[in-house]
Amino acid sequence: KLAKELGLKAGQRHIFLDNNQTEEAIIKQIMELGRLAKSANGKNGLIAIAHPYPSTISALRKALPKLKASGIKIVPVSQLVQGD
């Protein structure tokens with residue numbers, strides 16, 4: 001809210017991918033992101049954040065092709081943040 005009041009672009013995180021750093025847990029979160037994206041019906045997109053842990057990178061390599069194949073478009077967060 002403050003960023004927008006200051007005229008800065010801002011967005012809100014919808015899901016944190018690697019709070020649990022096991023690859024299995026991260027893949028589960030990525031699939032949850034996909035579920036949320038489908039239920040949001042493409043409205044404004046969703047923002048997911050993560051750290052560059054080896055387990056996160058590995059999970060993303062495995063799971064992102066599945067999301068893309070299901071019709072979910074992956075974009076940089078810069079395309080999702082909004083300004084006034």
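**Legends to close-up views of a predicted model**

**View 1. Overall chain.** Residues are numbered from 1 along each chain as its sequence is written, and side-chain values use heavy atoms, with hydrogens and water left out. The chain contains 3 helices and 2 strands, in the order α-β-α-β-α along the sequence (DSSP runs numbered from the N terminus: helices H or I of at least four residues, strands E of at least two). The C-alpha trace spans about 40 × 25 × 15 Å along its principal axes. Of the 84 residues, 20% count as buried (buried is under 20% relative accessible area, exposed over 50%, partly exposed in between; 1.4 Å probe, protein chains only). Among contacts with a separation of 6 or more, 75% join residues 24 or more positions apart (contact: heavy atoms within 4.5 Å).

**View 2. The largest pocket.** This pocket holds about 620 Å³ of space. Its lining has 27 residues, of which Leu46, Ile72, Lys73, Ile74 and Val75 are the closest to the centre. A pocket is an open set of points on a 1 Å grid over the protein atoms alone, where a 1.4 Å probe fits, with protein on both sides within 12 Å along at least five of seven lines; lining residues have an atom within 4 Å of a point. Grid points are joined across faces, edges and corners, and the volume is the space filled by probe spheres set on the points. Two or more lining residues come from each of α2 (23-40), β2 (48-49) and α3 (54-69); α2 gives the most, with 5 residues. By class, the lining has 19 nonpolar, 5 polar and 3 charged residues (nonpolar: Ala, Val, Leu, Ile, Met, Phe, Trp, Tyr, Cys and Pro; charged: Asp, Glu, Lys and Arg; polar: the others, Gly among them).

**View 3. The second largest pocket.** The volume here is about 190 Å³. Residues of the lining include Lys1, Lys4, His14, Asn44 and Gln82. The lining divides into 3 nonpolar, 6 polar and 2 charged residues.

**View 4. Surroundings of Leu60.** Leu60 lies in helix α3 and counts as partly exposed because its relative accessibility is 23%. Beyond its neighbours within four places in sequence, Leu60 contacts Leu17, Ile30 and Pro65. Glu23 is 37 residues from Leu60 along the chain, with 9.0 Å between their C-alpha atoms.

Technical notes: Predicted model: local features only at pLDDT ≥ 70, side-chain atom pairs only at ≥ 80, totals over all residues.
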